[in-house]
Amino acid sequence: MSPAPTRRARRAARVAVRDAQGAVFLLRYDNEEVGPHWAMPGGGLGPGESPREGALRELREETGWTDLAPGPLLCTWTHDFTRAGVPVRQFEHIYLADAPGTDRELGPDVAEEHRADRILGWRWWAPEELRHTDKQIWPPQLHALLDAWSPGDPPAELGHVPLKGLPDTVG
């Protein structure tokens, strides 16, 4: 058995966009190591970029929405996967944002970004769907975090969360 890969540290940020009924917007990514999964818009931070700045930039790049901004910090977590052939241990900040509704479409200029990031699709998930899905969601406990969150709560610190189908590896 070969040893687990050494992983490069990567900082990232995402935005949990929710409507008034609690539906959350997720993108379906296809990852070379863990396969298809659903996650919020987001990605790696640029040099000198804060998590909040990166979350806003990624939200705009992946959705084309310019009227939303990251609000309170929901949680932080760490997970492993391979990105563009490089094994990474990703340290993420996840922010909340309120959307006016689920009837919005993606901006017209996101198709190229989706191809580059291996984004296969998108949709809004009702709270009940998120609680009972057998699909892989990043982070796996997203439904519980959103269900439990109240304004003024401190962010949850999830630590390192092994992902389904991926052996726990060393950093």
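The following exercises, with worked solutions, concern a predicted model.

Local features are reported at pLDDT of at least 70 and side-chain atom pairs at pLDDT 80 or more, while totals for chains, interfaces and linings use all residues. Residues are numbered from 1 along each chain as its sequence is written, and side-chain values use heavy atoms, without hydrogens and water.

**Exercise 1. Describe the burial and pairing of strand β5.**

Solution. Begin with burial, defined as under 20% relative accessible area, with exposed over 50% and partly exposed in between (1.4 Å probe, protein chains only). Of the 11 residues of β5 (residues 73-83), nine are buried. Next, consider the partners; two strands pair if DSSP finds at least two bridges between them. Strand β6 (residues 86-98) runs antiparallel to β5 and is joined to it by 10 bridges, with Thr78 opposite Phe91. Two residues lie between these strands in their hairpin, where Ala84 adopts a positive phi near 50°. Strand β8 (residues 156-160), by contrast, runs parallel to β5 through three bridges; there, Thr76 has Glu157 as its bridge partner.

**Exercise 2. Determine which face of helix α1 is buried and what covers it.**

Solution. First, the dimensions: α1 comprises 13 residues and spans 18 Å from first to last C-alpha, close to the expected 18 Å (1.5 Å times one less than the number of residues). Second, the buried residues are Pro51, Gly54, Ala55, Glu58, Leu59, Glu62 and Thr63. Third, their cover includes β1, β2, β4 (42-44), β6, α2 and β7. Finally, Gly64 follows α1 with a positive phi near 80°.

**Exercise 3. Locate Leu142 within the largest nonpolar core.**

Solution. Such a core is a set of buried Ala, Val, Leu, Ile, Met, Phe, Trp, Tyr and Cys residues joined through side-chain atoms within 4.5 Å. The largest has 44 residues, and Leu142 is one of those with the most contacts inside it. Elements supplying at least two core residues each include α1, β5 and α4 (142-148). Excluding residues up to four places away in sequence, Leu142 touches Leu26, Met40, Leu74, Leu130 and Ile137, contact meaning heavy atoms within 4.5 Å.

Conventions: Helices (H or I, at least four residues) and strands (E, at least two) are DSSP runs, numbered from the N terminus. The arc is that of the directions from the helix axis to the C-beta atoms.
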